[in-house]
Amino acid sequence: YGSVSTSSPILFCSGSVYSSIHGFSQEEIKEKLLAFPGGSIDLLKQDSGIAVLTINNPPRMNAFSGAMMVDLEEKVTQLENWTDGKGVIVQGAAQTFCSGSDLNAVRAMSNSQDGMKMCMFMQNTLTRLLRLPLISVALVEGNALGGGAELTTACDFRLMASGSVIQFVHKHMGLVPGWGGAARLVTLVGSRNALKLLGGAVKVDSELGVHIGLADGVLKVDLDAARAETGLQQAESWLSQYTKGPAPVIKAVKKVVLSGRELSLSDALRTEKDIFGSVWGGPANLQALASKSKHK
Ligand SMILES: CCCC(=O)SCCNC(=O)CCNC(=O)[C@H](O)C(C)(C)COP(=O)(O)OP(=O)(O)OC[C@H]1O[C@@H](n2cnc3c(N)ncnc32)[C@H](O)[C@@H]1OP(=O)(O)O
């Protein structure tokens, strides 16, 4: 497969929003964030080409410590470099998703300069997560609150367990989203629904989530515990509908959709042409042509 040299440096060279030209130092904020330890972000890359990224801080309902923000950035870098990857599932440990920023860290960083730097760091990371050449799914069990709700919007899809809640609680905290969650929410559900969810700090359950297009599916509850699939197993089989096939082709699928989502039409068309060129004449294309396959 040829490498994709596109006219779109923003999407495929550096997925970040802020850099030194914006007066932002990633290393400086990393050092400050590392002063708030606790929890981890765990990455499991599987032979299926589907990775599992786990937000792991159960004593604080998987709230993000500063160290976890740094850890997430490192894991996103690993996913960007995963040649054989096709998909990623983002979940929380211990059957709950994520309760947002660790409020202890928020209290200690409450001056607006530090708050803005943390927000720029998280915007960079979550933008890179959404721009990964992998199809991503947030598996929402339990609560996704505040920054946790924002994290769900940094995935291509959201699957909700029954009883789970996505809630942008920011207004109750005297805040608005800052990790890019408002901008992404408007894209997902439209500005009127986004205003309702943010202005009312609405608890979005799975039914409402599907109704407004925030959720893409609801996990099944099987009362026979012995037969029941876990949320993760269900999410893996849901995602595998879209990740069958060679990694370069699945990555190309994500890239054409991403460029259509983020670029102007002219730039998206040029980028699509470049991505097309990277799979045209590739092994999967040649094999399909040789087998004279029929699509029925
Ligand atoms: C730009 C980003 C903006 C933000 O993300 S601001 C943060 C927004 N998130 C929140 O305000 C969540 C606050 N937490 C809650 O509402 C509740 O704890 C929650 C998640 C519904 C769970 O309720 P319960 O099941 O009753 O459990 P609980 O309250 O006893 O919590 C268990 C332990 O977890 C802790 N915890 C939960 N959310 C946390 C957070 N965000 N930061 C730090 N610690 C947090 C909570 O303090 C409790 O700890 P402990 O057992 O009392 O030591």
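**Entry 1: S101**

I started with S101, which is buried, with a relative accessible area of 16%. I keep in mind that this is a predicted model. The buried label follows because the cut-off for it is under 20% relative accessible area.

Next I asked where S101 sits. I found S101 in the loop between β3 (87–92) and α4. I also checked S101 against R60: the two are 41 residues apart along the chain, and their C-alpha atoms are separated by 9.9 Å.

**Entry 2: the ligand**

How many residues surround the ligand? I noted 18, and the closest are P59, S99, S101, L103 and G147.

I then looked at backbone contacts to the ligand. For S101, a backbone N or O atom lies 2.9 Å from an oxygen atom of the ligand. For P59, a polar backbone atom is 3.2 Å from a ligand oxygen. For G147, a polar backbone atom is 2.9 Å from an oxygen of the ligand.

How much of the ligand does the protein bury? Taken alone, the ligand exposes 970 Å², and the protein buries 57% of that. I also wrote down which elements give two or more residues to the shell: they are β5 (143–145) and α6 (147–152).

Then I sorted the shell by class. I have eight nonpolar residues, seven polar ones and three charged ones around the ligand.

**Entry 3: salt bridges**

A reminder to myself before this part: side chains of opposite charge can pair when their charged atoms come close. The count for this model comes to 14 salt bridges. I looked up three of them.

Why are K30 and E27 about one helical turn apart? Both are in helix α2 (residues 26–33), and they are separated by about one turn because they are three residues apart there.

Then I turned to R131 and E262, whose side chains meet in a salt bridge at 2.6 Å, N to O. R131 is in the loop between α5 (112–130) and β4 (135–140), while E262 belongs to helix α11 (residues 247–262), so this pair ties together parts that are 131 residues apart in sequence. R131 counts as buried, with 12% relative accessibility. E262 counts as partly exposed, at 32%.

My last pair was D274 and K273. The salt bridge between D274 and K273 has its closest N and O atoms 2.8 Å apart. D274 counts as buried, at 15% relative accessibility, but K273 is exposed, with a relative accessible area of 52%.

Which residues do shared partners join into one network? I wrote down E27, K30, E73, E80 and R128. So E27 and K30, the pair in helix α2, are part of that network.

**Entry 4: a nonpolar patch**

On the surface I found a nonpolar patch formed by L103, V106, M173 and L175. Together these residues have about 340 Å² of accessible area.

V106 lies in helix α4 (residues 103–108), and at 32% relative accessibility it counts as partly exposed.

**Entry 5: positive phi**

Which residues did I note with a positive phi although they are not glycines? The two in my notes are M61 and A201.

M61 has a phi near 50 degrees. The place of M61 is in the loop between β2 (50–56) and α3 (66–80), and M61 counts as partly exposed, at 46% relative accessibility.

A201 has a phi of about 40 degrees. I found A201 in the loop between α8 (191–199) and β8 (203–204). Is A201 buried or exposed? With a relative accessible area of 5%, A201 is buried.

Note on methods:
Residues numbered from 1 in each chain as written. Predicted model: local features only at pLDDT ≥ 70, side-chain atom pairs only at ≥ 80, totals over all residues. Heavy atoms only, no water. Near = heavy atom within 4 Å. Polar contact = N/O pair within 3.5 Å; in protein donor to acceptor, adjacent residues only side chain to side chain. Areas by Shrake-Rupley, 256 points an atom, 1.4 Å probe, with all protein chains shown as cover. Helix = DSSP H or I, 4+ residues; strand = E, 2+ residues; numbered from the N terminus. Nonpolar A, V, L, I, M, F, W, Y, C, P; charged D, E, K, R; others polar. Salt bridge = Lys/Arg side-chain N within 4 Å of Asp/Glu carboxyl O. Buried < 20%, exposed > 50% of the residue type's maximum accessible area, 1.4 Å probe, protein only. Patch = residues over 30% accessible without salt bridge, like charges linked within 9 Å, V, L, I, M, F, W, Y side chains within 5 Å.
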